[in-house]
Amino acid sequence: VNVLPKRIAVVTNYFTPNGDGKNDVWFVKGINNFEDCEVFVYNSYGSEVFYTKNYQNDWQGTYNGTPLPDGTYYYVIKLYNPDEMMKGALTIIR
(Lines give C-alpha, C1' and ligand atoms only; values in the text may rest on other atoms or scores of the structure.)
Protein backbone atom coordinates (compact mmCIF):
# COMPACT_ATOMS: atom_id res chain seq x y z
CA VAL A 1 0.00 0.00 0.00
CA ASN A 2 1.36 3.39 -1.01
CA VAL A 3 0.18 6.44 0.88
CA LEU A 4 0.25 9.52 -1.29
CA PRO A 5 0.51 12.97 0.25
CA LYS A 6 -2.69 14.98 0.19
CA ARG A 7 -2.59 17.52 -2.60
CA ILE A 8 -3.36 20.94 -1.24
CA ALA A 9 -3.26 24.48 -2.49
CA VAL A 10 -2.37 27.42 -0.25
CA VAL A 11 -3.57 30.84 -1.40
CA THR A 12 -1.60 34.02 -0.79
CA ASN A 13 -4.12 36.60 0.38
CA TYR A 14 -2.30 39.67 -0.94
CA PHE A 15 0.21 40.69 -3.56
CA THR A 16 1.95 43.87 -4.67
CA PRO A 17 2.16 44.03 -8.47
CA ASN A 18 4.30 47.17 -8.59
CA GLY A 19 7.17 45.88 -10.73
CA ASP A 20 9.78 45.64 -7.99
CA GLY A 21 10.24 41.89 -8.50
CA LYS A 22 8.75 40.95 -5.11
CA ASN A 23 5.19 39.62 -4.78
CA ASP A 24 4.35 40.90 -8.27
CA VAL A 25 2.07 37.95 -9.08
CA TRP A 26 -0.72 36.25 -7.17
CA PHE A 27 0.82 33.03 -5.90
CA VAL A 28 -1.13 29.88 -5.07
CA LYS A 29 1.25 27.31 -3.64
CA GLY A 30 0.55 23.80 -4.92
CA ILE A 31 -1.86 24.89 -7.67
CA ASN A 32 0.21 22.91 -10.16
CA ASN A 33 -1.05 19.73 -8.42
CA PHE A 34 -4.54 20.38 -9.81
CA GLU A 35 -4.61 20.01 -13.58
CA ASP A 36 -7.46 21.84 -15.27
CA CYS A 37 -8.43 23.75 -12.14
CA GLU A 38 -10.39 26.92 -12.79
CA VAL A 39 -9.61 30.24 -11.12
CA PHE A 40 -12.07 33.13 -10.95
CA VAL A 41 -11.47 36.56 -9.38
CA TYR A 42 -14.27 39.08 -8.79
CA ASN A 43 -14.32 42.69 -7.71
CA SER A 44 -16.45 43.91 -4.81
CA TYR A 45 -19.41 44.41 -7.17
CA GLY A 46 -19.34 40.77 -8.23
CA SER A 47 -17.95 41.40 -11.71
CA GLU A 48 -15.43 38.86 -12.94
CA VAL A 49 -12.02 40.52 -13.43
CA PHE A 50 -9.93 37.38 -14.03
CA TYR A 51 -10.50 33.83 -15.20
CA THR A 52 -8.17 31.08 -16.27
CA LYS A 53 -7.99 27.34 -16.48
CA ASN A 54 -4.82 25.61 -15.23
CA TYR A 55 -3.46 28.67 -13.38
CA GLN A 56 0.31 29.15 -13.67
CA ASN A 57 0.94 31.69 -10.86
CA ASP A 58 1.28 34.47 -13.40
CA TRP A 59 -1.60 36.91 -12.81
CA GLN A 60 -0.35 40.44 -12.15
CA GLY A 61 -3.61 41.99 -11.04
CA THR A 62 -4.80 43.21 -14.43
CA TYR A 63 -8.10 43.28 -16.25
CA ASN A 64 -7.95 43.42 -20.07
CA GLY A 65 -4.30 44.48 -19.77
CA THR A 66 -5.02 47.37 -17.40
CA PRO A 67 -3.83 47.29 -13.76
CA LEU A 68 -6.69 46.90 -11.30
CA PRO A 69 -6.85 49.46 -8.48
CA ASP A 70 -5.76 48.68 -4.95
CA GLY A 71 -8.43 46.88 -3.03
CA THR A 72 -9.99 43.63 -1.97
CA TYR A 73 -11.06 41.07 -4.55
CA TYR A 74 -12.68 37.68 -4.13
CA TYR A 75 -11.52 34.40 -5.60
CA VAL A 76 -13.08 31.03 -6.31
CA ILE A 77 -10.80 28.14 -7.24
CA LYS A 78 -12.51 25.04 -8.57
CA LEU A 79 -10.04 22.24 -8.01
CA TYR A 80 -11.80 19.26 -9.59
CA ASN A 81 -15.52 19.79 -9.40
CA PRO A 82 -17.99 22.16 -7.73
CA ASP A 83 -17.73 20.20 -4.50
CA GLU A 84 -14.01 20.93 -4.22
CA MET A 85 -13.67 24.69 -4.16
CA MET A 86 -11.59 27.24 -2.34
CA LYS A 87 -13.05 30.68 -1.73
CA GLY A 88 -11.67 33.78 -0.08
CA ALA A 89 -10.46 37.33 -0.37
CA LEU A 90 -7.22 38.71 -1.72
CA THR A 91 -5.87 42.23 -1.61
CA ILE A 92 -3.97 44.07 -4.31
CA ILE A 93 -1.54 46.67 -2.97
CA ARG A 94 0.37 48.72 -5.55
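This report describes a predicted model of one protein chain, from its overall fold down to single residues.

## Basis of the model

Residues are numbered from 1 along each chain as its sequence is written.

## Overall fold

The chain has nine strands and zero helices. Both are DSSP runs, numbered from the N terminus: helices (H or I) need at least four residues, strands (E) at least two. Along the sequence the pattern reads β-β-β-β-β-β-β-β-β. The C-alpha trace spans about 50 × 30 × 20 Å along its principal axes.

Of the 94 residues, 33% are buried. Buried means under 20% relative accessible area, exposed means over 50%, and partly exposed lies in between (1.4 Å probe, protein chains only). The chain exposes about 6,300 Å², and carbon and sulfur atoms supply 49% of that area. Areas come from the Shrake-Rupley method with a 1.4 Å probe; for residues, only the protein chains shown count as cover. Among contacts (heavy atoms within 4.5 Å) with a separation of 6 or more, 48% join residues 24 or more positions apart.

## The nonpolar core

The largest nonpolar core has 22 residues. Such a core is a set of buried Ala, Val, Leu, Ile, Met, Phe, Trp, Tyr and Cys residues joined through side-chain atoms within 4.5 Å. Trp26, Val41, Trp59, Ile77 and Leu90 have the most contacts inside it. Four strands each supply at least two of its residues: E4 (38-42), E5 (48-53), E8 (71-78) and E9 (85-92).

Tryptophan 59 touches Trp26, Val41 and Leu90, among others. Its contacts beyond four places in sequence also include Phe15, Val25, Phe50, Leu68 and Ile92. Asp24 is on that list too.

## Aspartate 24

Aspartate 24 sits in the loop between strand E2 (14-15) and strand E3 (28-29). It is buried, yet it has no salt bridge. A salt bridge needs a side-chain nitrogen of Lys or Arg within 4 Å of a carboxyl oxygen of Asp or Glu. The nearest side chain of opposite charge, arginine 94, is 7.5 Å away. For charge, Lys and Arg count as positive and Asp and Glu as negative; His and the chain ends are not counted.

What does the side chain of aspartate 24 reach at 3.2 Å? It reaches the backbone nitrogen of asparagine 18. The backbone nitrogen of glycine 21 lies 2.7 Å from a polar atom of the aspartate 24 side chain. Beyond four places in sequence, aspartate 24 is in contact with residues including Phe15, Pro17, Trp59 and Gln60.

## Two asparagines with positive phi

Asparagine 23 lies in the loop between E2 and E3. Its phi is near 55°, a positive value in a residue other than glycine. Asparagine 23 is partly exposed, at 44% relative accessibility.

Asparagine 64 is in the loop between strand E6 (62-63) and strand E7 (66-67). Its phi is positive, about 55°, although it is not a glycine. Is asparagine 64 buried or exposed? Asparagine 64 counts as exposed because its relative accessibility is 69%.

## Threonine 91

Threonine 91 is in strand E9. It is partly exposed because its relative accessible area is 27%. Beyond four places in sequence, threonine 91 is in contact with Asn13, Tyr14, Phe15, Gly71 and Thr72.

Note on methods
This is a predicted model: local features need pLDDT of at least 70, side-chain atom pairs count only at pLDDT 80 or more; totals for chains, interfaces and linings use all residues. Side-chain values use heavy atoms; hydrogens and water are left out. A polar contact is a pair of N or O atoms within 3.5 Å; within protein, one must be able to donate a hydrogen and the other to accept it, and residues adjacent in sequence count only if both atoms are side-chain atoms.
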